[in-house]
Amino acid sequence: MKIEYVTNASFLFTFSDGTTVLTDPWYEDGIYHGLLFNYPPIHSKQRERYLNLKPDYLYISHIHGDHFNPFTLSHFDKGIPILIGKFPTPALRLALQQLGFTNIKECSFDEPWKLGENSVTIIKEFSGSSDDIVNETNIPVDSSIYLEDKNGYSVFFAVDNPMQIRHAEQIKTTFGKLDAAILAYSGASIYPFVFSHYSDDEKKARVEQLKSSRLKKFCQLAEIIDADFSIPAAGSFVIGGTGYKYAQYQHQACPSEIKSTWHQHKLEESKLAMLSTGDVLDLSSRSTSLSPLALDRDFTQQDRIDYAKSLKNFPCELHSIAWPEGLMMPINSLLFKARANVWRAQEKLSTYPDTDVFLHIEPVEMLPAGLKSPIYAKISMDSERVKIDTIFEPTKDKPYIVFSMTTQVLIALLLGGTFWNVAEYHMTIERVPDQFDPTLRSLMAYFKL
C-alpha cells in the first residue's frame with residue numbers, strides 16, 4: 001500500500017491491488033473569496049497531474065472549502081464513486097449532487113465499506129472543537145477515515161476531526177496496530193488574527209501558545225496510537241489576497257518546529273514521516289520516495305509571510321460587490337428576517353446562549369445600501385429581540401460579541417453568497433469575556449434570508 005501526499009488534507013492512497021482513493025482534493029488558489037492558498041504552492045506540473053487523476057474513489061471528509069472544493073471537483077468524472085459519511089443533515093450530499101455527481105456513497109459511520117478485497121471505515125466526528133468545548137447545537141459535520149488493505153496494511157487519517165486523548169485510545173483499541181496515522185498538527189482557525197481587542201504583541205504571543213499546544217497534542221496522539229509512521233497533515237495553507245497581513249499570525253507550524261517538538265517528546269525519529277507534495281510512503285518497503293518537484297520543502301515562517309505578500313493583489317469577490325448609486329435596501333427588515341431564522345433554529349435546538357450579538361455594519365462607497373453611517377444591530381440570543389442603533393451600547397455585566405463587517409459582507413451573508421465561518425475571515429471580532437463559544441458560532445450559520 002502506498003500513501004502519496006498532495007496538499008493540505010489531500011492524499012492519494014493506492015492499495016496493493018492498484019485500487020486508488022483520493023481524499024479532499026483542493027488544488028485551487030484563492031478560496032474563501034480570495035484568501036486561502038495552498039502552501040507550499042503546488043508545482044504547475046504537479047497541479048496538472050493531480051487535476052487529471054482518475055482515482056477509483058473520492059473521499060470527502062466534510063463540506064468546508066479546503067476539503068470540498070467545487071473547482072477542483074469539476075475536473076473529475078461525474079460518475080466517480082464518492083465516499084462520504086452518513087451525516088444527520090444532507091448538506092454535503094446535496095452539495096455534491098448540485099455539482100452533478102451521481103454516484104455518492106453515504107457510508108454508515110464506524111462500519112467497514114468494502115472496496116473489493118480492501119475496506120474503508122468512515123469515523124464519525126469525535127468532538128465539537130479542538131479544545132473539547134461542548135457545542136449545544138450537536139450537529140456533526142466532520143469525519144475521519146480508516147483504510148485497510150487486503151494484505152493487512154492499515155492507515156488512520158484524522159483529517160480535521162478534532163481528537164482528544166480518549167479518542168486516540170479509542171482508535172488504538174478499535175483498530176489495533178497501525179502502519180500509519182495521519183494526524184492534524186494545526187487548524188484553520190480565525191484565532192487570533194481577526195480579534196480587534198488583541199494588540200500585535202498579544203496576537204503573536206497567542207500564536208506561539210496555540211502552535212505549541214497543537215504540536216503537543218499531535219505528539220501525544222501519535223504516541224498513544226503508536227503507528228509505525230505518524231504523518232502531520234491538514235492545515236497547510238497561507239492567507240493571501242486582502243488578508244495577506246494575517247499570514248504573520250498563522251499558528252501552523254513549520255517543518256523544523258514539528259521535528260523539534262517531536263524530538264522534545266523523545267519519540268522515535270524514524271516514526272515521523274514528513275511528506276511534501278508528490279512524496280510517496282510505501283508501506284510494503286517501509287521507504288519514502290521524495291518528489292523532485294516539491295516546492296519549499298523546509299519552509300520557514302518568513303517564507304510563508306513572503307509568499308502571502310506576493311499574493312496581496314489577488315482579487316477578493318466579497319469586496320468587489322457593487323450596486324448602482326442610489327439603490328436602497330431595507331437593511332433593518334433584512335436583519336429582522338435573518339434574526340428570525342436564527343431564532344427558529346434556536347427553538348428547534350432548544351439553545352439560548354446568554355450572550356448579546358452585535359453586528360457592526362459599515363457602509364462602503366461601492367455598496368452603501370442606504371446607510372449614511374455605521375449601525376449596530378443588537379441581537380439578544382436569549383430572546384427574539386433585535387435593536388438597531390448608531391451607537392454601541394452593551395448590556396451591563398452581560399457577555400457580548402461584536403462582529404464588524406462591511407455592507408458587502410452582510411449582503412453576501414444574507415443572500416447565501418458566503419457562509420458564516422468563511423465570512424469571519426473578512427470581519428473583525430471582539431468578545432467579552434474572551435472565550436470561544438462553538439454553540440453561538442454554529443447558530444450564526446442560520447443568519448441568512
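Which residue in the turn of the β8–β9 hairpin has a positive phi? That's G116, with a phi of about 70°, and the hairpin leaves two residues between its strands. This is a predicted model, where local features need pLDDT of at least 70, side-chain atom pairs count only at pLDDT 80 or more, and totals for chains, interfaces and linings use all residues. Numbering runs from 1 along each chain as its sequence is written, and side-chain values use heavy atoms, with hydrogens and water left out.

**Strands**

Helices (H or I, at least four residues) and strands (E, at least two) are DSSP runs numbered from the N terminus; two strands pair if DSSP finds at least two bridges between them.

| Strands | Sense | Bridges | Opposite residues |
|---|---|---|---|
| β8 (residues 112–115) and β9 (residues 118–124) | antiparallel | four | L115 and N118 |
| β17 (residues 356–362) and β20 (residues 400–406) | parallel | seven | E362 and T406 |
| β20 (residues 400–406) and β21 (residues 428–432) | antiparallel | five | V402 and E430 |

So what about the cover on β20? Seven of its seven residues are buried, meaning under 20% relative accessible area with a 1.4 Å probe and protein chains only. Y400, V402, S404 and T406 sit on one side, with I401, F403 and M405 on the other.

**Cores**

A nonpolar core is a set of buried Ala, Val, Leu, Ile, Met, Phe, Trp, Tyr and Cys residues joined through side-chain atoms within 4.5 Å. The largest has 54 residues, and I3, F11 and F13 make the most contacts inside it. Skipping neighbours within four places in sequence, I3 is in contact (heavy atoms within 4.5 Å) with residues including V155, A180, I231, L275 and L283. Another core lies apart from that one, with 53 residues, among them L334, M405, V422 and A423.

**The second largest pocket**

Rolling a probe the size of a water molecule over the atoms shows where empty space is left. A pocket is an open set of points on a 1 Å grid over the protein atoms alone, where a 1.4 Å probe fits, with protein on both sides within 12 Å along at least five of seven lines; lining residues have an atom within 4 Å of a point. The second largest pocket has a volume of about 360 Å³, the space filled by probe spheres set on the points, which are joined across faces, edges and corners. Its lining has 21 residues, with P255, M274, L275, S276 and R297 nearest the centre. β13 (229–233) and α7 (255–264) each give two or more residues to that lining, and α7 has the largest share, three residues.

Note on methods: Buried means under 20% relative accessible area, exposed over 50%, partly exposed in between (1.4 Å probe, protein chains only).
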